[in-house]
Amino acid sequence: MVDGSRSPEQVVTEVEEHFADLLAHGPSATSRSERRQLLRHANRAFVVQYRTFFTRPWARALGNTSDVVLSFSCECARRDCEEQVDLAVADFPPPPDDTSPPLLAPGHDIRWRQAP
Ligand SMILES: [Zn+2]
């Protein structure tokens with residue numbers, strides 16, 4: 001239960017312990033390409049969620065996707081990258097498929113796409 005009685009780190013530890021068995025036996029990304037696909041999927045899920053929200057008639061009075069800035073995960077897919085990229089939802093790279101350019105933190109690259 002999240003009730004403020006424990007630190008965020010303690011809650012994270014409890015969640016990790018609770019799901020440890022499932023995580024140990026579940027599918028995982030083993031390559032940089034697979035990690036990038038998961039990051040893109042997670043980032044895109046936020047975009048879809050906000051775009052869907054603003055299609056509701058009552059939500060249009062609250063603004064639009066240009067007004068919402070989110071911290072998206074950098075899609076360089078390095079194992080040690082935990083960078084976030086603050087970006088308006090409306091500015092997320094189109095189109096909504098694998099052909100759109102990756103969202104990268106300053107200084108991060110996508111060497112996997114460079115010519116050999
Ligand atoms: Zn990165």
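Is R6 buried, exposed or partly exposed? I looked this up at the outset: R6 has a relative accessible area of 26% and is therefore partly exposed, where buried means under 20% relative accessible area, exposed over 50%, and partly exposed in between (1.4 Å probe, protein chains only).

Before going on I noted the basis of the work: this is a predicted model, in which local features need pLDDT of at least 70 and side-chain atom pairs count only at pLDDT 80 or more, while totals for chains, interfaces and linings use all residues. Residues are numbered from 1 along each chain as its sequence is written, and side-chain values use heavy atoms, with hydrogens and water left out.

Entry on the salt bridges. I found four salt bridges in the structure, the term standing for a side-chain nitrogen of Lys or Arg within 4 Å of a carboxyl oxygen of Asp or Glu. One of them joins R6 to E14, with 2.4 Å between the closest N and O atoms, and E14 is, with a relative accessible area of 37%, partly exposed.

I then turned to D109 and R32, which form a salt bridge with the closest N and O atoms 4.0 Å apart. This pair links distant parts of the chain, since R32 lies in helix α2 (residues 32–53) and D109 in the segment after β2 (84–88), 77 residues apart; helices (H or I, at least four residues) and strands (E, at least two) are DSSP runs, numbered from the N terminus. D109 is partly exposed at a relative accessible area of 26%, and R32 is partly exposed at 23%.

A further salt bridge runs between E75 and R40, whose closest N and O atoms are 2.6 Å apart. E75 sits in the loop between β1 (69–73) and β2 and R40 in helix α2, so the pair ties together parts that are 35 residues apart in sequence. I recorded E75 as buried, at 1% relative accessibility, and R40 as buried, with a relative accessible area of 10%.

Entry on the metal site. Which residues supply the protein donors of the zinc ion? I listed C74 (SG), C76 (SG), C81 (SG) and H108 (ND1), lying 2.1 to 2.3 Å from the ion; donors are N, O and S atoms within 2.8 Å of the metal (3.2 Å for Na, K and Ca), and water is not among the atoms, so sites may look incomplete. In sequence the donor residues are spaced C-x1-C-x4-C-x26-H. The angles among the four donor atoms are 106 to 115°, and the site is tetrahedral, a label that four donors receive if all angles lie between 85 and 135 degrees.

How values were computed:
Four donors count as tetrahedral if all angles lie between 85 and 135 degrees; four count as square planar and six as octahedral if opposite donors are over 155 degrees apart and all others between 65 and 115; anything else is irregular.
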